[in-house]
Structures are given as structure tokens and as C-alpha cells.
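Colleague: I'm new to this one. Could you walk me through how to read it?

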Amino acid sequence: MLNKFFLKILWSRRRDYLLVVRSGIFITSMVFFSTAVGSFMSFIDIGEPAAMTPLIGDVEKVYLLPYILLLFLMMLILLSYIRKRSGDYAVLSVLGIQTKHRYRFVGMEYLGIILLSVCGGTALGFLEAEAVRRIMEGIFKDVTDHIPLGWQPFKLTLIISLIIFGLGFIICDQMICCLGVDAVAAGGRKGGKALRKSTVLLLTGILTELVAFAAAVTYWGRIGSHVPQALAAGGLFLLMLSGGGYYLSRLREHKRAYYRKLLWLDDWYHRYYYHMNMSYIVAAFLFVIIFSFMLPFFDSIPVTQPENYPHDLVWQANEGDEEFLRSLQDRYGVQVETKRSLRVATADFGEHTGMPASEYEAWTGEQIALSDKEIYVVYQRDREDMGSIGLDFGNERPRMYIGNSDYDLWIFEGFRIQPGNQLVREYRIKGSKNRILTGNFKTRSLNMVCDVFEDIIVFSDREFERIRAGARGADLMVIIDIPEQYDEVTKEVYAYAKEHSQVNFYDWRAGNLIYEGRRQGIESRRQKLYGASSMLINIITLFMCVLFVLIEKMESDYEDIAWKYQFYCRSGMTQKKRKKNLGKEVLMAAKVSLCCGLPLAYFMAGEKIFDKHMPGEWNLIYLAWAAVLCCGAAGIIYLVMKLAARNTCSKTERGNRNGRKR
Amino acid sequence: MGGKGDENILDIEELERSYYTDSADGEQITYSVLKGLSFQVKAGEFIGIMGTSGCGKTTLLKTLGMLDLPTGGNVRYKGVPASRILGDRLARIRRTELAFVFQDFYLMDSLTVKENIMMPLILNEDNPEKSEQTAVRMAKQFGIGPLLNKKPYELSGGEKQRTAICRAMAADPELILADEPTGNLDSNSSMLVIKALSHINKKMGKTIVLVTHDPKVASYCDKIILLKDGMILNTLERNGEKKEFYQKILRQMVKL
């Protein structure tokens, strides 16, 4: 009997319950979709289905903040649901519901939400992932004809969903326990604090944003986007909460403007936290899209970037190989350019080309005055790598070893270099620049979290002569351009190098130090296609989240809006005015998030663009692309919400005409 | 000695209740709603609490019903401090010994009138058939027998309130706390409701604490506590006829 009663009570709230379930399904589908796409990408990258640990690493690297935002969204939706159900909970409490019955009542409801969300979300995510899989199989048909899904996305989705729903339940449950259902339902009004107007919060928000701006172009911003992203998102939350409070408080003091806006702004005074938190989620999603996903996407287009590989072959040879080079010139008419060089290993698991200043000057025409213990670094970065940290994690005095890398170079454990290694901080970087001279050769690294590059380190002539004699590894850089018989030449070089040249310690295929421009170009194209596809999928996925949050909020607020519309009708407001007011109210959250999220994201992205030190025209291109993306996102959001507002107006109008019970 | 009328169901000693809010400037503001009230509620009494709006009537009733805790003083329910009655013990008392009737009825719109009345019994895990019989009997007794299968939104205000009274009476509680039960009703419906409450007190021997600002409703009570600014202004005992008591209340209300 009790179960029947509970079900009947729940049935009367089925619309709100289904809204929560729908949100749960969406959130789970997002989790499944992101993990499935991560798994596909991993397969394309390494050629086998992803194992759990690397998959978690990949997904976490990109989706940590979005998952936190989804958790926050789930909590807000649950709290909104609790607010609507508070009347039922209160009556049952007053009637003396037993603890076991309360758990049965609330627990079964919540279990239903979890089961429906996880099952429905996984199914929906699976369908979405299948669609994307087919598209990706088309894009990467040169790599594979079948991309398997595997079981890892299912397992990971289950784990992440249970964390999100579990944390959501625990936090909501604790809020009800600590504050009481009345306070939770009141949404911040209980203590008379409808608005958060705090100077301390506002200043903390500004300070956090400044730190985020600084972090974006210093160490933490150059090794990844997590730290500046988290700081900026935290600061944005504080700024929106306190700034909005200030705006609404000040508006109340200006009576004329206040009463003019009150018709569509009243609920923001009434349920400030709910509206502001929802707007924040949208703003934060927009921020993540623009700041974290847009730039890598721009870096990857166009996917073919031949300017990064100006030569056919770059081979780290030895001075004794000159005779072989002459024979190549004679037989195939290849153009050969040689530079005296040495190998330099750095503590960031990199191996670079060292050369004397005079050689560099003769090659580039650039004059560099260096003392014995000074070096000049030429970073051979493509657009994607620009703005990242320099030698030895950006240290001004990098740990270096003169000679090539080998097993004996480091004593390290758990990626921490231990005392006893041969890397020393002997040289100071006097200056550096970004310039591709031989090519952007990302070393095939030993499962490293970052790429390592073949950069050029310039020494003073005297120092170069002093250290060259004792340096092991290649000592002659050879640049070969092949006008004809490409395959024959490369085959011959590879065969010769196998017998006489240094092995690349970082190459898991144990190749010699030969960088083939064409092959690198093809690999780079594949990598850029991979990067652009995954970033585009991420952008679209998060943009779907933005639209979903806004529409979900509008649906959730429908009851209040319908009531208000009825009030407008009965107070004799014209239809035109009614629609205008309702439209403003529905669009308010979207406007707040666009006004807060987009400018912050654009400025931080702009800062990152300038920090890349790209040629001027690329700066302008990036800024223009970013502006187009921001305007496009704003336009789509505005259009969708406008249509949704119109639909809500029509729905309420119809409901009002039919005399539907509120 | 030891008769039913001598037992104190509620002992209220120096009861205080304050609310704390923050001003726009962030300073804490304290609102003292109840300021040191002391009185007793004996078994079988019909006590009315009167006062102007905002004088603390509802706060007092909530505190008596253990829906709210005092910030000072004591409320003892059958000799036990309310602060010690928690969790399942409190839930049991609410199910079996204490019932509320609210101005806004608080009926479940999804359930029928019969199911609403049965709710406290079902929550108490009573036999469903017996519960149904009790609900039918209660509904007939309070004149809503023909409405048993209707939903609350199909009822008039008076019918809703009588449904709420039936629900309150279903578990046969000792104490009924009614918060302006006639506040949303027209005069005819109000009379039906107050007569029903009077019947519950006189014929069924239940203790009732009723909050009202209507002197006509209050005249049905045995004792009136007049509140002003969170303090007891006066206590009126009914010694004679209802009409006489009504006039007495009216005279006192001028002082409020």
C-alpha cells in the first residue's frame, strides 16, 4: 500500500522526474561518448584498443573540468527537483514518516534515476559513438578499416557515472541533513542572503583571474591547460556570483530601471543561486571550448603543413661519411649541404643538434655573440608547439649532456632524475627563437606525456671546438634535397646509416638519425587530422552540453514561467508585451553566460595566441578565427534560445487558453 | 488528582525563538519572535492563540509541534524536553500522538481524499483494510463521505480543510495543533471546520491548540492566550457562555 502511495505521489511529479532522468541520460551519454571517442583516438594513435589506465589518462587530460561541470549540473538539477518535491517531503515528515520508509521513498526514486540514466545514457552514448566511429573510419581509412570500441568505455562510463551520481546524491543528502529541506528548497533565501554581494569574493575572483592570466603564459600554461583553466573557471564562478549580486543590488537602488526590469528579472532576486549557477555552468563550458579546444583545433588546420619540412632528408652523420655523400651527389645529382655539429642530450628526454656560432651565422646570416658558457637555442616548432616550454622544462640553465643519449645517461626512478647522472647545468641560455631550419621532427618518444623536439643549440666557436672532440654520437649534420630517384637515394642512405650511423635512443624502432621530410609530412598530416578531428568532436560535444543546460533550465523553469504568463494575461498585458517579457526571462541565463564566458575565454585565448610568438599574420588569422567561433557560438545559442522562448510562449499561451491547471 | 485534565501534555518555560539574517551590508540582524513565554497545555484542553500578524503565533505552534527548536527556554512534551525527542522517536510521536492542521491544507494532490486520510495510518504500517475503514468512518463523521474518491483539487476550501482534519484524526492522536485552519475559508466553511474541531475536543476528548485571529473561531476555545510582540499579553478563560466569551475576546483584542 505504501509503495502504491509513493508511486502515485511520484507519478504526479513525473514531468519533473523525467527531466532529472533526461539530464542523467544526457550526462551519462556525454561520459560514454567522450570515453568512446578517447578509445577510438587511442586505437588510431597506437593501433590497438586502449587499456584502462591510458584511457583514463587521455580522457582526464581533456575532460576533467567538463566532468566536474556535469557533476555540478547534476547537483543543481537534483536540488531543483528537491525544491519542487519539498512540499511532499515536508508533508510526509509532518505525518511522521519512518526513517526506513524515507529511505525507501527517496532511495528508490534515486535508484530509478541512476538506473535509467546509466542504462539510457550508455545506450544513447553508444549510438552517438557508433555514428562518430563510422565517420572516423572514413577519415582514417589509410590507417585502419575498422576501429573497435572495446569494453573499456563501458567500464569507465560506469565508474564515472557512479561517481557523478554518487557524489551528487551524497552532497544533496548532506545539504538536506545539514540545512534542512526548507533551506535547500529556499535556494539561499533562508538566511536572507538571496544575493551574494561580497567585496571579498569579488576581489578574490579578480585576483584569481589575474593569476589565471599569468599562469596561462608561464610554466603551468605552457605544459598544459589544466591549471590556468581551473583557475579561470574558479575565478569566473566567484566573479559571476559576486558581480551578479552587485549588479542586482545596485539595480534595486535605481528604482526606475529596477521596476522596468522587475517583470522578467524578479526570479533572479528570488532564486539567485540557482540561476547564477546554471549560467555559470554554461559560461564555463563556453570557456573550456574556446580556451582549451579551439586553439589546438586551429593549430591543426590546415592538416597539411609542408612548411614544417623544407628538406627531403636530414641525416645526423659523421665526418667520415663525406665520401659516401660525394658518391651520392655524383650518381644521383642530389644537393647536399653539411654542417659541423655535435649531439646534445637534455634532461627533458630530448636530443638536439649543437653547432658553432660561425656555422649558424653562415647558414642563416644571423649574428650571435656568445661567451663560452652561453648558448642560443633555435626551437624548431610548428604552430602547435609554439608557446610551450623550452629546453629542460623551460629552465634558464638547462641540464645538458654533450653527446648523444644512451642508457647510461640518467639514473632515474619514477621519472625523477637521481644524483649520479651525467647531466649538468653548465650553460646559460642567452637567447632563443622559433625557426624551422631542418624541420619539425617530433621524436618517437618512450611513451612520454609530451613530444620532444630536435632543436638547434648554438655554442660559441671556441666552446664548440673544446667540447666537440669528447662528444659521442653524430658530428655532421647533412641536409639532402633529392631532385629525382627519391626512393633509390633514401634506400641507399638508410642502408649506409644502418652500418655507420648513430641510433636514435628515443626511437622505439631503434632507427638511425634520419629525418625524412616526406614521411614526416605524412605522419604529421595524420597527427594533425587526428588532432583536428578530436578537437572538433570535443567542441561539438561541449557545445551540445551548453545547449542542453540552457534548454533543461528552461524546461525546469516552465512551471514558474507558465504561472507568470497567466499572471500577465490576467493583469491585462498585451500579447506582444507578454512575449517580450517572457522572451527576456528565458534568454537571461544565456545572455549572462555569453557575456561572462565568451569575453574571458577570448581574452585568455588571445593571450595564448600572442604567447605563441607566431608570425604576425598568423596572430591575426587565429584572432579572426576565434572571433568567428565566438560570434558563431553566441549566434547559435541566441537563435536556439530565441526559438525555445517562442515555443515556450506558444505552449503557455495554449495552456492558458485551454485553462490548464497550473 | 491524577485526572486527565491535570496532566500536562506540554510545558512551556521561558520559551524564546529568534531568527538571524544578514542585512544588505553583511551585518547580522536578530529578530526575536518569541520572548520568554511560559504556559502549560493540559490534556483535553482547547487552547486558542491569538494575536496580530507577525506576533509569533505560527512560530509558537511550530515550536510546540517540534517542527522548530527554541533558541532559549524549554518545551517539554509529556515531561521530556523537545530537544531530546529526535529521529524515529519524533517520527513515531508525529504518527501516533500529534497531528497538524494547516491553513494551506497540505494535502497530496496525487492522492484521493480517502488515500490522504489513510496516509498517517499507512505510514504507521497499520492494516490497509482497517485503515480504509477508519478513513471512511472519519469522512462520514466530518461530512465528506461522498467525496472520498475525489482528488483534493476538486474540493472546495472547507472540504479540503475537513479532509485535513480527518487526516489529522485518523491515527487518533492526543494533541492536535491547528494553524489558522479557517484562515483561507469563507464564514460558512469556517463554522463547519471549527465545529468539527470543537466536536473533536468535546466528544472525543482530544487536546487542541489552535492559532487564529478570528474572535468568532476563538470563542469556541476554553482558554485564549493573547500574544503581542512575542510576549503573552493576557490569558482569557472561558467561564460562561460562548457569546459572553466572544465579547470578552473582542474587548481584549482592542489592546492588541
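Predicted model: local features only at pLDDT ≥ 70, side-chain atom pairs only at ≥ 80, totals over all residues.

Colleague: Which residues touch the most other members of the largest nonpolar core?

Modeller: A nonpolar core is a set of buried Ala, Val, Leu, Ile, Met, Phe, Trp, Tyr and Cys residues joined through C-beta atoms within 7 Å. Buried means 20 or more other C-beta atoms within 10 Å of the residue's own, with C-beta atoms placed from the backbone. Here the largest core has 110 residues, and Leu236(A), Val282(A), Phe285(A), Leu286(A), Phe287(A) and Ile290(A) touch the most other members. Helix H11 (residues 272-300) of chain A gives the largest share, 21 residues; helices are DSSP runs of H or I, at least four residues, numbered from the N terminus.

Colleague: What is Phe287(A) in contact with, beyond four places in sequence?

Modeller: Contact means C-beta atoms, placed from the backbone, within 7 Å. For Phe287(A), the partners include Ala232(A), Leu236(A), Gly597(A) and Leu600(A).

Colleague: How many residues does each chain bring to the contact between A and B?

Modeller: Chain A brings 21 residues and chain B brings 23. On the chain A side, H1(A) gives the most, with six residues.

Key:
Residues numbered from 1 in each chain as written. Chains lettered and ligands numbered in written order. Buried ≥ 20, exposed ≤ 12 C-beta atoms within 10 Å, placed from the backbone. Helix = DSSP H or I, 4+ residues; strand = E, 2+ residues; numbered from the N terminus. Contact = placed C-beta atoms within 7 Å.
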